[in-house]
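Please keep the viewer open as you read.

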Amino acid sequence: MGRMVALTLITFFGAIICCSWTKNIPNAPTPNIIIMLMDDMGWGDLGVFGQPSKETPNLDAMAAEGMLLPNFYTANPLCSPSRAALLTGRLAIRNGFYTTNAHARNAYTPQEIVGGISKDEILLPQLLKTKGYVSKIVGKWHLGHRPQYLPLKNGFDEWFGSPNCHFGPYNDQSIPNIPVYNNSEMLGRFYEDFKIDRNTGESNLTQIYLMEGLDFILRQTKAQQPFFLYWAVDATHAPVYASKRFLGKSQRGRYGDAVMELDYSIGQILKWLRTLGIDNNTFVFFTSDNGAAVMSGPNESGSNGPFLCGKETTFEGGMREPAIAWWPGHIKEGSVNFQLANVMDLFTTSLVLAGINPPDDRILDGLDLTPVLLNSSQPLKNRPIFYYRGNELMAVRLGQYKAHYWTWSNSWEEFKKGINFCPGEEVPNVTTHEQKEHTLQPLIFHLGRDPGEKFPLSVLSKEYQDALSRISAVVQQHKDTLVPGIPQLNMCDTAVMNWAPAGCEKLGKCLKPPESNPWKCDWPH
């Protein structure tokens, strides 16, 4: 493990000395694409969005050099479905990343999940490959850990990272530790070969992920090959971690340390693009997979700024994300655009930038943002945002108005165990602990005046009636055209856990799985 990192470092620093020739490489006909997806980082974690500690200088500078998108959303308030939506351009209800085991339940891909990304879906790297792109994922995959679901079976050419969250450590008897892969074979496991100190929070994972990204960028630049880098780091997901250089440096505790290291790493990637002379031919987008996990607070959670609740919920704190687009010479410096946008738009926008026609044999929810990014216009004024939780459309935003058809924070059962998705932010009759239906008379908020969703409009007001009539038409059209995908997150089985990943034989890390005994997954959230 140490040898691999050392070799990467040598490659990196050697490149700084010897490859100034890349400044003279002419621009490729299609831009490189980098999507930086943080894990559970909140809208309010960036200085540019008002975080008072101002500990994200590189991200703030990225916004000053590019475009800030304050109305950017994820497609789901939980990790796996939002990532599936990004890479397919489709809502989880369409691509199958949901459960029907219980109504409106969030579901993801823990070790015992049987399913994963459907073979019927077309992922972004598969399409980019048709234009000669080389694609790499660095970090967390989370779209299924069984062999047929892994990144190299779904269009990626390279992978360094893990199929699951860095939960643990486990005892390798009832639950195995999570593997870390280099391409198609594991290099080791979290907490064993890839250390995460649960007491101090120390881990070098972010630095390893940074070096993997820099090395990939260098190799593709030398090869004059267009590339797609999906940098999906997870340091801000509990249990949060940072390397020794950053531990104890933040005013915000260990979570802030992790944010500072990610901010530093993003600064290094952008600097590397300039050093290699490819900054004006590389489109970079920064965002997060869902809102800050306020149930992990205050020590291991970020901030959702003025927005209500957080991860797992379809309130603004669960789905409004920090977002910055950066492409020197193409995106106007210091611009702010209030266009309603969604992480699924990155799928379609990337294809347009690469000169690839989006697939026409399926409904795509992602829209082309190039007029927004390159012309600073807002051409998608009637674009809705759909807030799904599991198999239920919970809310819809159109313009400044948001209608809640269902409200639910988390169950009384979880709440009484001390799990709270809205700590200190309960709003009567809004952040309910039972699923509350409002379909006949939805709660409507004006998010411009009330971003915290505390003051629903009076149902007797003309404003309410006007907003309801517009949103109702959008909802009806959506439901009329909706064909749900086959749910992939219904079945669990301990036999499918990470007992014996590919490459375990070489490392002596294979574990014997138990007998298969599948059951319907239980999703309490």
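Predicted model: local features only at pLDDT ≥ 70, side-chain atom pairs only at ≥ 80, totals over all residues.

A disulfide here would need the two sulfur atoms to be within 2.5 Å.

## Three disulfides and their pattern

How many disulfides does the structure hold? There are three, and counting the bonded cysteines along the chain gives the pattern 1-2, 3-6, 4-5.

Let's begin with Cys309 and Cys422, which are joined with an S to S distance of 2.0 Å. The torsion about their S-S bond is about 105 degrees, so this disulfide is right-handed. Cys309 sits in the loop between β9 (282–288) and α8 (316–319), while Cys422 sits in the loop between α11 (412–416) and β18 (436–437); the pair therefore ties together parts 113 residues apart in sequence. Both Cys309 and Cys422 are buried.

## The other two links

Next comes the disulfide of Cys492 and Cys521, whose sulfur atoms are 2.0 Å apart. This link is right-handed, with 110 degrees about the S-S bond. Cys492 belongs to strand β20 (residues 491–492) and Cys521 to the segment after β21 (519–520), so the bond ties together parts that are 29 residues apart in sequence. Cys492 is buried at a relative accessible area of 4%, and Cys521 is buried with a relative accessible area of 4%.

Cys504 and Cys510 form a disulfide with an S to S distance of 1.9 Å. Their S-S torsion is about 90 degrees, so the link is right-handed.

## Nonpolar cores

In soluble globular proteins, nonpolar side chains tend to be buried together. Here the largest nonpolar core has 76 residues. Those with the most contacts inside it are Leu69, Leu87, Leu128, Trp141, Phe228, Tyr230 and Phe283. Helix α12 (residues 462–481) supplies the largest share of this core, with six residues. A second, separate core has 52 residues, including Phe49, Met62, Leu262 and Trp272.

Leaving aside residues up to four places away in sequence, Trp141 touches Leu87, Ile117, Leu123, Leu150 and Phe156, among others.

## A pair of packed helices

Two packed helices are described by the angle between their axes and the distance between the axes. For helix α6 (residues 205–222) and helix α7 (residues 253–275), the angle is about 10 degrees and the axes are 10 Å apart. That angle makes α6 roughly parallel to α7, and α6 passes α7 in a right-handed crossing.

Which residues of α6 and α7 meet? From α6 come Thr206, Gln207, Leu210, Leu214, Ile217 and Leu218. On the α7 side are Glu261, Leu262, Tyr264, Ser265, Gln268, Ile269, Trp272 and Leu273. Leu262 and Trp272, both in this α7 list, are also among the residues of the second core.

Notes. Residues numbered from 1 in each chain as written. Heavy atoms only, no water. Core = buried A, V, L, I, M, F, W, Y, C linked by side-chain atoms within 4.5 Å. Buried < 20%, exposed > 50% of the residue type's maximum accessible area, 1.4 Å probe, protein only. Helix = DSSP H or I, 4+ residues; strand = E, 2+ residues; numbered from the N terminus. Contact = heavy atoms within 4.5 Å. Axes fitted to C-alpha atoms, helices over the stretch in contact; angles between N-to-C directions. Parallel < 35°, antiparallel > 145°, perpendicular 65-115°, else oblique. Left-handed = near helix turned anticlockwise from the far one by under 90°.
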